[in-house]
Amino acid sequence: KGFYLVEGPSGSEFLILNTVISHNDPATAKRGTFDQDRISQLDEILTERSKKSTTNPSRQRIVVMHHHPLLHSSTRFSSSDVLEFGDQLLSILQKHGFRFIVHGHRHEPRITRVACSNKDQFVFAAGSFSAILKELSTSTRNLFHLVKLGSLSSSNRLVGEIKTWEYNKGVGWRQSTSISAALPHKAHFCSPRPIISVNKLKKECQKAVGSILRSAELKNKFPDLYLLLPDELTALGDELSLHGIKLVLADDGKPDYLGEF
């Protein structure tokens, strides 16, 4: 049927989706496939399984697939290879508690939040471990990732961390950076998305010695700042700059300091 469910460590569960199941010629190989019939079958089987299951409903449920279920636009490639019915698939996965989805295919790393009330999903486009990247080598590298998922207290608040290493010829493996690999060494995320007040950040910055809040002070006063996705941190930095405040990130991707300019 194109999918396989397997128990993982610590009570986790992995759903493996075969998005190349219908590839049989060059034309069909250009786009992933997981059609509506398979999505319906998946929904039915997961529903029946949940009725019989005695496992913790808050366990981590993770999806692994090849093609991207979300549009992953790029100036280098066509957008025609996005998984057909990908939005419907994500909806069914969310219904059954699958909140972390890993895919490949594009070679460009990215993590995207899919807002779903208080139980957001996160779609992680993993980089390639040993591909010939050609023109992509100007913006990313061969990568590997270590992902940690967890929950905060009884609220079932999903939190996660992705650590990434990049390979450079003549140097070997080292911590990635946003500039060289398009993903920092450490990327954090949580659901629901933290609400960060720009006004509070600005006021605390202005009260600080030299109008600078360094990482220790930032983490103490605004711990949720360290749970934003890389693109969310970038967007927050852009908003702060409109108020004369600069958010500087460390090489590993974490907020380093906040200061007036």
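Me: Buried means under 20% relative accessible area, exposed over 50%, and partly exposed in between (1.4 Å probe, protein chains only). Which of these is Ile 16?

Reply: Ile 16 is partly exposed, because its relative accessible area is 35%. It sits in strand β2, residues 13-17. Strands (E, at least two residues) and helices (H or I, at least four) are DSSP runs, numbered from the N terminus. The model is predicted, so local features need pLDDT of at least 70 and side-chain atom pairs 80 or more, while totals for chains, interfaces and linings use all residues. Residues are numbered from 1 along each chain as its sequence is written, and side-chain values use heavy atoms, without hydrogens or water.

Me: How do I read a ring pair? How many aromatic pairs are there?

Reply: Look at the distance of the centres and the angle of the planes. Rings of Phe, Tyr and Trp (its six-membered ring) pair if their centres lie within 6.5 Å; planes under 30 degrees apart are stacked, over 60 edge-to-face, the rest tilted. The count here is eight aromatic pairs. Take Phe 122 and Phe 189: centres 4.7 Å apart, planes at 40 degrees, so the pair is tilted. Phe 122 is in strand β6 (residues 121-125) and Phe 189 in strand β10 (residues 186-191), so this pair links distant parts of the chain, 67 residues apart. Phe 122 and Phe 189 are both buried. Elsewhere, ring pairs join Phe 129, Phe 144, Trp 165, Tyr 167 and Trp 173 into a cluster.

Me: And salt bridges? How many are counted?

Reply: A salt bridge puts a side-chain nitrogen of Lys or Arg within 4 Å of a carboxyl oxygen of Asp or Glu. The count is 14. One of them joins Arg 61 and Glu 13, at 2.6 Å from N to O. Arg 61 lies in strand β3 (residues 61-64) and Glu 13 in strand β2, so the pair ties together parts 48 residues apart in sequence. Arg 61 counts as buried at 9% relative accessibility. Glu 13 is buried too, at 1%.

Me: Which partners does Glu 232 have?

Reply: Arg 113 is one, with the closest N and O atoms 2.7 Å apart. Arg 193 is another, at 3.8 Å. Glu 232 is in helix α6, and Arg 193 is in the loop between β10 and α4, 39 residues apart. Glu 232 is buried at 6%, whereas Arg 193 is partly exposed at 42%.

Me: How many disulfides are there?

Reply: A disulfide is a covalent bond between the sulfur atoms of two cysteines. The rule asks for sulfur atoms within 2.5 Å. The count is zero. Cys 190 is buried, with a relative accessible area of 0%. Cys 205 is buried at 0% too.
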